[in-house]
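Please examine the sequence and the structure shown below before reading the report.

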Amino acid sequence: MSRAMGLAGLLLGLLLVPAVLLSTSLGRGDPPPEPELGLELGLAEGPLAAAAEDSLWPLPQSLRTSRRQLQLAPDRFQLVHGAGSTAGPGCGILQDAFRRYYEYIFGQSRWRSPGRRWPSLRRELSQLQVVIAAPEPGCDSYPRLASSEAYHLTITEPVAVLKADEVWGALRGLETFSQLVHEDDYGSFLVNESVIYDFPRFAHRGILLDTSRHYLPLKSILTNLDAMAFNKFNVLHWHIVDDQSFPYQSIYFPELSNKGAYSYNHIYTPTDVRLVIEYARLRGIRVIPEFDTPGHTQSWGKGQKDLLTPCYNGEQPSGSFGPINPIWNSTYDFMTKFFKEISSVFPDAYIHLGGDEVSFDCWKSNPDVKDFMKEQGFGIDYAKLESYYIQKILDIVSSYNKGYMVWQEVFDNKAQLKPDTVVEVWMANNYAHELSSVTQAGFTAILAAPWYLDYISYGQDWKKYYSVEPRNFPGSEKQKKLLIGGEACLWGEFVDATNLTPRLWPRASAVGERLWSSSNVTDLQDAYKRLSNHRCRMLRRGIAAEPLFVGYCAHEARG
């Protein structure tokens, strides 16, 4: 629907998106000075009447855009390293991103054909120059929790400039630039002169994928890493194994997947894992693996003898097994070697150690466990036995200089946690109180409770996810700063490669904007318009995102 004319048209001359410009490493405070934009208040009709910002997702912290439009000629436009950049042609991350984003901008055009020459344009944008400021730009490293994703984008004739401290900010800026370029009905590529200063509100913006309940083919994981980059997510929480299957192929313990995976076709080889990690790195995404113990471990027991606790009926073993057996030294010998491998395979500074939903019934039935409880002075408090086990695992992982994430039960059961432990709050019942408790104890927190996307319902449930305010919990400003982000979780009981992508997107996009954009970006009507356009862009880029509501995408009508 075209916009109303008159005053509404004048207001499009200069759009100012209010934002609180927080201090970031880019500029260390106030945003850089912004060039004056030439303002053209002439009124456009038809498709051009829709301003470029109508499809930006997530919304930048600060945006000024003019009605003055520049054209891009696909055969001449270049993405290049700017003068003074500490990254150059040897920076693989940026070289890969330049190729990728050129295709995102021009690749789907029906007007592109080999050898086509574009005529001289009156107002042409010829380059986007990318300038990295930090002495160590990050070209050969992995993204970290503390990485800078801030960027400053200036689009004026004849050259646009994208400035960032590190390559991670440049990746986010390239995504924004690609969203600003649009193709009109006549095959011209247009971009409005704009100035954007942007950075994420939260440092941890994750998607949880579950590859145990249903195996997800490598292609599905990589496709969703692309979608994550389109939505400025920066963490893949890979819940790689669980009760149902053990698809991770261990180098030290190959029997775990040989006997614990659904089949030999349902495994992730070391090569597969390296590919996921590198594919994610090139998109500024951390990969945090989760190996959840002592519960959720039935598949572990198939390939590792005597790891699980034998359950009893009275005085006789029942033939079934419970959680990992916490009383045997062999358990910790195995875990020491296993987590040594995991620490070397996954380069991120953190490993997720789970610790949730541990049933004590089997432990209570086992006479050896009951004797151990007496020896340790635990009485009948099996939460103390769980904490005893967890504490040993935490010590093992710490010995490899890794930090750890845990589900909230580990904190609730009073395990002794290192100060840098990240506690993930997932229980929907009164999660605000849990966040208050975790941060009051001085621990860093991540919120997942309101964003379990495996729960589906009729209607536009993205609005529910969008309307969450993560820091709306009792506590001081110091406590609020300990909440470093959140995750959208898609558990796999009813999800496999056939429905993973449409179930996740664009519902997860709502979480993406909540975790990136300013806290005052809450207008559902504006969000619907932008998210609908963003969903259509994801479709054009090969992401099978489901519709928000009735309607169609403009590119479908063009044929």
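## The model and its disulfides

The structure is a predicted model. A disulfide is a covalent bond between the sulfur atoms of two cysteines. With sulfur atoms within 2.5 Å taken as the criterion, the count comes to 3 disulfides. When the bonded cysteines of the protein chain are numbered in sequence order, they pair as 1-2, 3-4, 5-6.

## The link between C91 and C139

C91 is joined to C139 by a disulfide with an S to S distance of 2.1 Å. The angle about the S-S bond is -100 degrees, and the link of C91 and C139 is left-handed. C91 belongs to the loop between β3 (78-81) and α2 (92-106), whereas C139 belongs to the loop between β4 (127-132) and β5 (151-155), so the pair ties together parts that are 48 residues apart in sequence.

Residues under 20% relative accessible area count as buried. C91, at 2% relative accessibility, is therefore buried. C139 has a relative accessible area of 10% and is buried.

## The link between C311 and C362

The sulfur atoms of C311 and C362 are 2.1 Å apart and form a disulfide. The torsion about this S-S bond is about -115 degrees, so the disulfide of C311 and C362 is left-handed. This pair links distant parts of the chain, 51 residues apart: C311 lies in strand β12 (residues 308-313) and C362 in helix α9 (residues 361-365). Both C311 and C362 are buried.

## The link between C536 and C553

Another disulfide connects C536 with C553, with an S to S distance of 2.0 Å. Its torsion about the S-S bond is about -85 degrees, so the disulfide of C536 and C553 is left-handed. Here too the pair links distant parts of the chain: C536 is in helix α18 (residues 524-540), and C553 is in the loop between α18 and α19 (554-558), 17 residues apart.

C536 is buried, with a relative accessible area of 10%. C553 is buried as well, with a value of 1%.

## The crossing of α10 and α11

How do the axes of helix α10 (residues 367-376) and helix α11 (residues 382-398) cross, and at roughly what angle? The two axes come within 11 Å and cross at roughly 85 degrees. Angles of 65 to 115 degrees count as roughly perpendicular, and α10 and α11 are therefore roughly perpendicular to each other.

In this contact, V369, K370, F372, M373 and Q376 of α10 meet Y382, L385 and Y388 of α11. By class, the contact of α10 with α11 has 6 nonpolar, 1 polar and 1 charged residues.

Terms used
Residues numbered from 1 in each chain as written. Predicted model: local features only at pLDDT ≥ 70, side-chain atom pairs only at ≥ 80, totals over all residues. Heavy atoms only, no water. Axes fitted to C-alpha atoms, helices over the stretch in contact; angles between N-to-C directions. Helix = DSSP H or I, 4+ residues; strand = E, 2+ residues; numbered from the N terminus. Parallel < 35°, antiparallel > 145°, perpendicular 65-115°, else oblique. Contact = heavy atoms within 4.5 Å. Nonpolar A, V, L, I, M, F, W, Y, C, P; charged D, E, K, R; others polar. Buried < 20%, exposed > 50% of the residue type's maximum accessible area, 1.4 Å probe, protein only.
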